[in-house]
Amino acid sequence: MPPVVFNHDDILERLETLKLTKSPGPDMLHPRVLYEARQEIAYPLALIFNRSFDSKQLPLDWRSANISAIYKKGSKKDASNYRPISLTSVVCKIFESILRDSITAHFQVNKLFTNRQFGFIKGRSTVLQLLQILDDWTLHLEEGGQFDVIYTDFEKAFDKVPHKRLISKLYSYGINQDVVLWIEAFLINRKQRVQVNDQFSSWSNVISGIPQGSILGPLLFIIYINDLIDACHNSALFLYADDSKIYKYVTEYKHCLELQEDIDNLNQWADDWKLKLNVSKCSVVSYGRTISFNYDYSLYDTIR
């Protein structure tokens, strides 16, 4: 992986494309202020970015987040009807975006991303995944038989990623050592607080997981689960971020057993990498003109 460069022109270009309606993080530096002062601050930011990258140290504000509750639907008196949004430093996001682009380029040039992941990767989407899967299903269903599909979901996946195991995977993909060391510093000693109107809770330490509201977070997560498809030897597995579906064309009973074996392999992978599947959100669906095989697939000894 080539060295990462933080230069004036690149930073200025990123400042010019800031979304001015976004909210600031704990440092209270609003995107509008950064945009209006972009010509004056691009060079100082380049100095700060290079200093942070070389020393592997971050300002405290870059490792802090304000958690704001956004109303979704239902009763406003019910806390479960609000979605938490993590607001982090906009300046740090500019730094992260440079690292993200460098890491992504490394993965794309060396073809390291699995072609079964359709989330958080430029040029891929849920629509493309759906089209690819439907082509496969339509082709086979014309011949009869059925498709058994297992829809899975990881339980609070972003919050449970172990830092040491993530770092080991970053090294295994050949990411520049300086980049990995900075990311390690970025992940540790983080803290967050809840904001309601102009009131704040006390600070709370964040001891695990990938930082919510960050630019690097989604990329780090799909790198962490990039090898998940290797766990399935008999079936097809497709991913969109942490949501996955495993399916198999079933024409005889042994195909059901093979699909169950891959479910067990997926479960084992999750245990090995300290993630847990949310059984309540996992389901089984069979597609076909006639359903000839009604196999009781199980996960964590729970039949779905």
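K274 touches K160, P162 and R165, leaving out residues up to four places away in sequence; touching, or contact, means heavy atoms within 4.5 Å. This is a predicted model, where local features need pLDDT of at least 70, side-chain atom pairs count only at pLDDT 80 or more, and totals for chains, interfaces and linings use all residues. Residues are numbered from 1 along each chain as its sequence is written, and side-chain values use heavy atoms, with hydrogens and water left out.

**More on K274**
- You'll find K274 in the loop between α10 (253-272) and β9 (283-287); helices (H or I, at least four residues) and strands (E, at least two) are DSSP runs, numbered from the N terminus.
- K274 counts as partly exposed because its relative accessibility is 49%, and the cut-offs are under 20% for buried, over 50% for exposed and in between for partly exposed (1.4 Å probe, protein chains only).
- K274 and P162 sit 112 residues apart in sequence, yet their C-alpha atoms are 7.1 Å apart in space.

**S64 in its strand**
- S64 belongs to strand β1 (residues 64-71).
- Is S64 buried or exposed? S64 is buried, since its relative accessible area is 2%.
- A polar atom of the S64 side chain lies 2.9 Å from the backbone oxygen of L60.

**L128 in its helix**
- L128 is part of helix α5 (residues 126-141).
- With a relative accessible area of 38%, L128 is partly exposed.

Note on methods: Polar contact = N/O pair within 3.5 Å; in protein donor to acceptor, adjacent residues only side chain to side chain.
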